[in-house]
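Here is a friendly walk through a model with more than one story to tell. Please keep the viewer open as you read.

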Amino acid sequence: MSEATRDYSAFDAELTHQALNLRLFARLLGWMKPYRITLFTSVALVVGAAAMSVLLPVIQGRVVVDTILLPNAASADLPDYGLVDATEWLVASLGVEPLTAAVLLFILLVLAQAVLMFAHRLTLASSALKALRDLRLDLFAALERKPASFYDRVAVGRVMTRVTNDVENLFELLLGFGMLAGEFVPFVLALFLMFHISTEVTGLLLLVIPAAAAATYVFRMAMREIFRLVRDSVSGLNQYMQEDLMGIEVVQLSGREARNAEEYRRRNQENRRQEFRAIDHEVVFETFNTSLASIAVAVVIWYGGGEVVREEISLGSIILFNQYINMMINPVVAVGQQFNTLFRSMASGERIFQALDWDERIHEPPAPVRLPERLRGEIEFRNVRFAYPGGEDVLKDVSFQIAPGEKLAIVGPTGSGKSTVIRLLARFYDFADGMIFLDGTDVNAIATHDLRQRIGVVLQDFHVFSGTVLDNIALSNPAITRERAQWAARAANADPFIRQLADGYDTELAERGHNLSQGQQQLLAFARVLAADPEILVLDEATSSIDTGSELAIQEALHRITEGRTSIVIAHRLQTIQECDRVLVLHRGQVREHGTHEELIARRGIYYTLHELQFQDSAVAAELQGLDTEPTTPDARSRWAGPRDGRGDLPDFDPAEGGPRTF
Amino acid sequence: MRNEFRVPGPRRERASARDLGHLKRLFPYARRYAWPLGAALAGLLVTRLLDAVVPQFLKIAIDSLADDAIEPNLAVPALAILGIVAARFLVYVLSRRVLRRISISICYDLRKRFFNAVQYQGPGFFNRFGTGDLMSRAVNDIGMVRMVVSFGWVTVMLFGFTLAAGLYFMIDMSPELTAWVVLPLPVVALTAFFMARGMFPYFRDRQEAMADVTSFTQENLNGIRTIQAMAQEEHEIARFRRVGTRYAQKVYRATRYQGFMNLAMAVLIPISPIIILFHGGSLVLAGSLSVGEFTAFSAYLLMVSGSITAIGWSLSLFTAAAAGTQRIFEVLDTPREVTDAATGAVESEVRGELSFTGLRYGHPGAARPAIDGIDLTVAAGETVALLGRVGSGKSTLLKAAVRLLDTPRGMVFLDGQDICDLPLARLREAITLVPQDPFLFSTTLRENLTYDTPGRPDDLIVGAAEAAGLGDTLRELADGLDTLVGERGVTLSGGQKQRATLARGLIRNAPVLLLDDCFSSVDTETEERILRHLQGLRGGRTTLLVSHRVSTARHADRIYVIDNGHVLESGTHAELLARGGYYADLEAVQSNQDQDRARKSRLLHDLEADAPVLASAAGGDA
């Protein structure tokens, strides 16, 4: 798949497939392969259990009734599968009454059936669970390695449900197959037996199956739409309540309580209407199937009874047939029940494999260059040109160098391409035009994993993972000890506030860090990056205003952590860059000025204007209007305004830079 | 049918027979449908009776075949069975429909009351019950009630009848065999009950493990950029393997338990049929039982044992539903926190003078009050700024003014009138609060901006959007005001959301406007622009704004610095600068004109010395 042909909208579409897609099952079986022995055992067990359940009525009908209670001539040549002989053998060897022997045999079969079924369930669940755990892991790993450009375009919520719900649906499907096997095997065995006893009665009874099947089919078809409407109304109802609860303050402030209650009542009514419709149908269908069984009993009595009178079959066979009736109807009912699961899981399978097959990835060198133990920290951008897929050039021929240990600030108006510079350096995006060197090595020749361990990027928005403060600093890296994390926190000036938390480093942080201020989050972000001890530090500073205490702490920390480290600071607030050795001014994807703070102020160019704007109460704002407006096509704008769920607060959306703001 | 909307499941593990009393709370809801309920029940009783008659005809037919002395009699029983089937079909379908419709209606009533009850609750309530918790009560617990009304209850009501009918016919045929056959049934029922109840913890574990998988995946993918930037993918995959394996184990354990349950039932249930086979068979051989009766016995047994296992299952459902009912009424029984004064005399014209006298407020459970005696008056038409650290009590103050927090009488006054005497709707019309957290509903931008009064003309909406600095965004959006925002639509950036929230407040044109730090995600230049515009727009009306930035505060007529729930200093920008206190320090640091490191570290030191930085965690104004 090339850049241009990737259709990301596929990830947003609801896949609801109508046709059976057997290829999906074949692929699914691939994951079952390591557990095939367990799976085959499971299938063998269900066949065994089915045989037992078919033989039980034979003991009742053929052995007890036909040979013990009412010995008759008609039954002599009807099949009994050796059960009569087995009973006789028991009578002979144990010296018991024939009835006792038959009952013993019955008990034996009951126990065998129960145990076989138990073993079948466990083996099936075990193999299916393991296979799906593997599938889920493979899917997760695939998503974990998808590049930034993928997540720019695809909503996290969309791919997430593939890992959770869709894999669950496949599990239901596998269990459903197990259930069908549990119904179908006895059906086939029973049918075989019945034909053996009486072709006529069996043929007549078989008419019940098309009736049940037709009813099931008609019902399922009618219900698909109704069930969909019920589901929609239920989720509409619940979503409405959830959103109302989440925005309850706004609801109350706007005085919308009564109006919302009315809207909820409307949805509630709609839901009730749909539920009524659904159960009205459902009850008829359920009752129809049980009635069918009773009709079949009547048929057996009438016609089968006649056969007994004509001495074609035995009375025991009638009893046998009676017991087999449910075995005939159950599979049809089961198929009906699995119908929806089948289609739902097919759509799920398709979504899973779509995500697995998506081949977007960052280019990895086939033979990566190993970086030395310790880097000097020299960086060079040479004629780098870059555009986000489908957009115009964000960087146009950017070249600059950073000496080992030097601190470089990159400033520029919104949309100048500042953040893109570091995204390319850390190889979040592939670029083809120009070269970037790290200690003289082309970054494209370095494994991304290795590269990113050497370059510590502090992202604009600090993502808080649920867990303790310590977990958030160390992430899941086992190499970072508690001591190391604490050292990093001290270096990043985060230690004072962490110590004031209820449990210090072991304080649980709320999801998305709601119990930390912006500034505190920023300090933690520093600590997180420092803990990994990167040789090069890159800070993409957040635009948000933060409280003054943290602001000062951040400046202090910045001063300390950049000491002796090659650093790049993308600065939005110019006060942060005073620690830097040199300033690079980017504008519209080009390096426009560079030098020290004093030099650039003296030059009275873009830097000077930006500086004035921030510090001088925007007296020069008017003068700058021209700077901030970028010529972009409306087309490019709307493309980037696509849905991006679950990303937290993105800093300002600006189409000119083309990309997502989070890096 | 499965609901795609998933919420965490209810806790059921502590459900016990003692809780059954909670189900009484449902009676008033069922009473509305007393007549149809009675009719449905009667109908179901009829079907049970019809069920009990079928084996009688089976018996007649088989006896006529088994006994040479009797003329074969097949047509009458077969036709009778067909007739019964038809009658049963009609009666059953009707009663069942009525019954299930009633269960749906009861849930409808419960849900409606639930939503209405929750709508008017205050912050104390929402601290106690989180959104997820409330949703779980509204979805799972009410679903439980539905189950118990449509299935459990009827099973229990019909149980005695079915048992009586089955036993009647069985005893009629052979009292002795009946006694033997019935003997194992209580054991079956008890086993079914206890095993079904023992299943709940497994279900819960399984659900919790699934919730772990979900939240791990969600969190991981939301933070994917951080993980990739820190090159932690492989470690995360290893962690996911553990989470996924744990889930598989929990499902396996639940399945194994279920397997044991089925195994136990598969062994226990056939005991009675075996007794029939053995003892009944002997009776037939002895000539005291006919073959037809022998067959009919099996059929009745099926009926009786079916209802006995069902009652075990229903009773376990009852205990779970009782716990669910309790959880529903726990919410419904919570009284409203903020009482609405319906009677207060209302001035037709609000001048907009807002005053706080000796305002004191402590968040429930917090060690110290968030506001500890604040006296502050905003004259009509004045613009006042509040500054202070995180957790200093600024947001609490604003919330008290619109009674999102309930403060005692005699503390907050609008135009000299105690706000507790004003009808809530009137108060919130007069005072508009733009909250700190920019929340948008997932609907169109238009509906979001004119949320309080739908149907405002577009030019008003666009005007408010312009004033809030959202004009450019609006023009960029392909669908303009009709753009869907929120979860199901375009995701706006934090700054855009904040500006939309601001527009939603501005459009109301209220006499008093409260802005709670609503520029935090907006860059300084844009903020400047909005504020300048705002001054013109609000001319002559009252504005109270909270900020962290001196550059914002300086636009105000007067500035209050709040710290630890007290007013630390107040005055105009110039006065406060001259005073050389906290505000002056802040100004120095933020404007950065002052390069004096010593002064910065002093401020930093002061801040660290006594800063309860995480006060916000206890419900402050973060």
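Domain bounds, as used here, come from an automatic or database domain assignment. This is a predicted model, in which local features need pLDDT of at least 70 and side-chain atom pairs count only at pLDDT 80 or more, while totals for chains, interfaces and linings use all residues. Residues are numbered from 1 along each chain as its sequence is written, and chains are lettered from A and ligands numbered from 1 in the order in which they are written.

**Two domains in chain B**

Chain B splits into domain 1 (19–174 + 289–332) and domain 2 (354–440 + 508–618). Their C-alpha centres are 61 Å apart. Four residues from domain 1 of chain B and four residues from domain 2 of chain B make the contact between them, where two residues are in contact if their C-beta atoms, placed from the backbone, lie within 7 Å. On the domain 1 side, the touching residues comprise one nonpolar, three polar and no charged residues. In this scheme Ala, Val, Leu, Ile, Met, Phe, Trp, Tyr, Cys and Pro are nonpolar, Asp, Glu, Lys and Arg are charged, and the others, Gly among them, are polar.

**Chain A in outline**

Chain A holds 22 helices and twelve strands; helices (H or I, at least four residues) and strands (E, at least two) are DSSP runs, numbered from the N terminus. Of its 663 residues, 47% count as buried. A residue is buried if 20 or more other C-beta atoms lie within 10 Å of its own, exposed if 12 or fewer, and partly exposed in between, with C-beta atoms placed from the backbone. Among the contacts in chain A with a separation of 6 or more, 77% come from residues 24 or more positions apart.

Helix 6 of chain A (residues 156–197) has 42 residues and spans 61 Å from its first C-alpha to its last, close to the 62 Å expected at 1.5 Å a residue. That expected span is 1.5 Å times one less than the number of residues. Helix 6 of chain A also bends by about 40 degrees at A:Arg162, the bend being the angle between axes fitted to the seven residues ending there and the seven starting there.

In chain B, helix 7 (residues 185–222) has 38 residues and reaches 55 Å between its first and last C-alpha, close to the 56 Å expected at 1.5 Å a residue. Its buried residues include B:Leu185, B:Phe200, B:Phe216 and B:Leu221, and also B:Arg197.

**Strands of chain A**

Four strands of chain A form an open antiparallel sheet in the order 2-1-4-5. Strand 2 (393–402) and strand 5 (441–442) stand at the edges with a single partner strand each, so one side of each has no neighbour in the sheet. Strands count as paired if DSSP finds at least two bridges between them. Elsewhere in chain A, strand 9 (residues 536–540) takes part in parallel pairings with strand 6 and with strand 10.

| Strand pair in chain A | Sense | Bridges |
|---|---|---|
| Strand 1 and strand 2 | antiparallel | six bridges |
| Strand 1 and strand 4 | antiparallel | five bridges |
| Strand 6 and strand 9 | parallel | four bridges |
| Strand 9 and strand 10 | parallel | five bridges |

A:Phe386 is bridged to A:Leu395 in strand 2 of chain A, and A:Arg382 to A:Met435 in strand 4 of chain A. A:Leu539 in strand 9 is opposite A:Val458 and also opposite A:Val569 in strand 10.

How many residues of strand 9 of chain A are buried? Five of its five residues are. A:Ile536, A:Val538 and A:Asp540 lie on one side, with A:Leu537 and A:Leu539 on the other. In a regular strand the side chains alternate between the two faces of the sheet.

**Backbone angles and a buried glutamate**

Most residues other than glycine have a negative phi. A:Asp397, in strand 2 of chain A, has a positive phi near 60 degrees. A:Asp397 counts as partly exposed because it has 15 C-beta neighbours inside 10 Å. B:Asn509 has a positive phi of about 55 degrees and sits in the loop between helix 17 (494–506) and strand 7 (512–516) of chain B.

B:Glu527 belongs to helix 18 (residues 524–538) of chain B. B:Glu527 counts as buried because it has 24 C-beta neighbours inside 10 Å. Beyond its neighbours within four places in sequence, B:Glu527 is in contact with B:Phe519, B:Val522 and B:Thr552.
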